Amino acid sequence: MLVTFKQYATHGTGEPTLYGGSGDELAGQGGGALSAEEKIKELQRLVDTSNNERERLLKELEDVQADKVSMEYLLREKLERLVQTEIEGRLEAYRSPTGAGGADATDTASA
């Protein structure tokens, strides 16, 4: 049987917590002493809250990583299109008789 004498301080008596947002509901319960059973329940709630926050953050991380991969793919596609357009433009300029490096330039280079 656990000791029922109230000898344990509550968590959140002005101490900074790791998860200040949604996991801070115990901080406002006052600074009274807790029995061993109450302290175990309080700590279990803190662990559960931390686990829930960790799961939420892992899910968010997975979503961000998936978005990153998607953006990288889209950027590569766009870059490939830009490079292809540039190559086609340079080839067209090279093939035209008035373009730089065209037939005029090869005629003067061989003369």
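**Entry 1: the helix α1**

I started with α1, which has 60 residues and reaches 87 Å from its first C-alpha to its last. That is close to the 88 Å expected at 1.5 Å a residue.

Next I checked the confidence. The chain averages a pLDDT of 79, and 68% of the residues score at least 70. My helix α1 does well here, with the highest confidence in the chain at 96, while helix α2 (residues 103-110) has the lowest, at a mean of 49. I also noted residues 13-28, where the pLDDT is below 50; beyond near neighbours in sequence, this stretch has 16 contacts in the model. A reminder to myself: where pLDDT is low, the predicted coordinates should not be read in detail.

**Entry 2: what is buried**

How much of the chain counts as buried? I found 12% of the 111 residues. In α1, the buried residues are Ala36, Lys39, Glu42, Leu46, Thr49 and Glu53. Which elements do they pack against? I looked, and they pack against β1 (8-9) and β2 (33-34). I also looked up the contacts in the chain between residues at least 6 apart in sequence: 59% of them join residues at least 24 apart.

**Entry 3: a buried charged pair**

Why does Lys39 count as buried? Its relative accessibility is 16%, and the cut-off for buried is under 20%. Glutamate 42 is buried too, with a relative accessible area of 2%.

**Entry 4: further salt bridges**

I looked up the total and found six salt bridges in the structure. One of them joins glutamate 60 to arginine 56, with the closest N and O atoms 3.1 Å apart. Because these two are four residues apart in helix α1, about one helical turn separates them. Here the setting is partly exposed: glutamate 60 has 40% relative accessibility, and arginine 56 has a relative accessible area of 43%. I also saw that Glu53, Arg56 and Glu60 are linked in a network of salt bridges.

Another bridge ties aspartate 63 to lysine 59, at 3.2 Å between the closest N and O atoms. They too lie in helix α1, four residues apart. Aspartate 63 is partly exposed at 38% relative accessibility, and lysine 59 is partly exposed with a relative accessible area of 48%. The general rule is handy here: an α-helix has 3.6 residues a turn, so residues three or four places apart point the same way.

**Entry 5: a nonpolar patch**

Last, I turned to the surface. Which residues form a nonpolar patch there? I found Leu79, Val83, Ile87 and Leu91, with about 330 Å² of accessible area together. Valine 83 is placed in helix α1 (residues 36-95), and at 42% relative accessibility it counts as partly exposed. For the chain, I noted an accessible surface of about 9,000 Å², of which 58% belongs to carbon and sulfur atoms.

Terms used. Residues are numbered from 1 along each chain as its sequence is written. This is a predicted model: local features need pLDDT of at least 70, side-chain atom pairs count only at pLDDT 80 or more; totals for chains, interfaces and linings use all residues. Side-chain values use heavy atoms; hydrogens and water are left out. Patches are made of residues with over 30% relative accessible area and no salt bridge: like charges are joined within 9 Å, nonpolar side chains (Val, Leu, Ile, Met, Phe, Trp, Tyr) within 5 Å. Accessible areas come from the Shrake-Rupley method with a 1.4 Å probe; for residues, only the protein chains shown count as cover. A salt bridge is a side-chain nitrogen of Lys or Arg within 4 Å of a carboxyl oxygen of Asp or Glu. Buried means under 20% relative accessible area, exposed over 50%, partly exposed in between (1.4 Å probe, protein chains only). The expected span of a helix is 1.5 Å times one less than its number of residues. Contact means heavy atoms within 4.5 Å. pLDDT is the predictor's confidence in each residue, from 0 to 100.
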